[in-house]
Amino acid sequence: MPVTAKLSRRFYQAFGDETTNELVDWFNQVDVQYKAEMRELADAYYGRFRAELKAEISGLRTEMIKWMFVFWVGQTVALGGLAIALVQAARP
């Protein structure tokens, strides 16, 4: 929604209603055009940001899976060692 430009009554008296209304209409058209260009630019930046974020998340996901695997292997080894120690301690 364009913001309607308002000019003082003195401006209307100096340049006339027709000329002043044309100027106000031009201001409003420029405003609409700049808002549309700004929207396109923001959408383009958002698209690039989203693409970069997707690649970064993919990399983080790979790192997380790697560390989860390391943790699981460590836990398995620790539990296996504990089970062996308990079995040996239970033997007479």
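Author: Val 77 is exposed, with a relative accessible area of 59%, where exposed means over 50%, buried means under 20% and partly exposed lies in between, with a 1.4 Å probe and protein chains only. Its place is in helix 2, which covers residues 17-90; helices here are DSSP runs of H or I with at least four residues, strands are runs of E with at least two, and both are numbered from the N terminus. This is a predicted model, in which local features need pLDDT of at least 70 and side-chain atom pairs count only at pLDDT 80 or more, while totals for chains, interfaces and linings use all residues. Residues are numbered from 1 along each chain as its sequence is written, and side-chain values use heavy atoms, with hydrogens and water left out.

Val 77 belongs to a nonpolar patch on the surface, together with Met 64, Trp 67, Met 68, Phe 69, Val 70, Phe 71, Trp 72 and Val 73. The accessible area of these residues together is about 980 Å², as given by the Shrake-Rupley method with a 1.4 Å probe, for which only the protein chains shown count as cover for residues. A patch is made of residues with over 30% relative accessible area and no salt bridge, nonpolar side chains (Val, Leu, Ile, Met, Phe, Trp, Tyr) being joined within 5 Å and like charges within 9 Å.

Salt bridges are the next topic, and a search of the whole structure finds 3 of them, each being a side-chain nitrogen of Lys or Arg within 4 Å of a carboxyl oxygen of Asp or Glu. Glu 63 forms one with Lys 66, the closest N and O atoms being 3.5 Å apart, and these two residues of helix 2 are 3 residues apart, or about one helical turn. Both ends are partly exposed, Glu 63 with a relative accessible area of 38% and Lys 66 with 42%. Also in helix 2, Asp 31 and Lys 35 lie 4 residues apart, about one turn of the helix, and their side chains meet in a salt bridge at 3.6 Å, N to O; Asp 31 is partly exposed at 22%, and Lys 35 is partly exposed at 40%. A further salt bridge joins the side chains of Asp 17 and Arg 9 at 3.6 Å, N to O, with Asp 17 partly exposed at 40% and Arg 9 exposed at 51%.

Thr 20, found in helix 2, is buried, with a relative accessible area of 1%. Leaving aside neighbours within four places in sequence, Thr 20 is in contact (heavy atoms within 4.5 Å) with Leu 7, Phe 11, Tyr 12 and Phe 15.

Aromatic pairs complete the account, and their count comes to 2. The rings of Phe 11 and Phe 15 have centres 4.8 Å apart and planes at 45°, so this pair is tilted; rings of Phe, Tyr and Trp (its six-membered ring) pair if their centres lie within 6.5 Å, planes under 30 degrees apart counting as stacked, over 60 as edge-to-face and the rest as tilted. Phe 11 and Phe 15 are 4 residues apart in helix 1, residues 9-15, and so are separated by about one helical turn, and Phe 11 is partly exposed at 28%. The rings of Trp 26 and Phe 27, with centres 5.4 Å apart and planes at 50°, also make a tilted pair, in which Trp 26 is partly exposed at 47% and Phe 27 is partly exposed at 35%.
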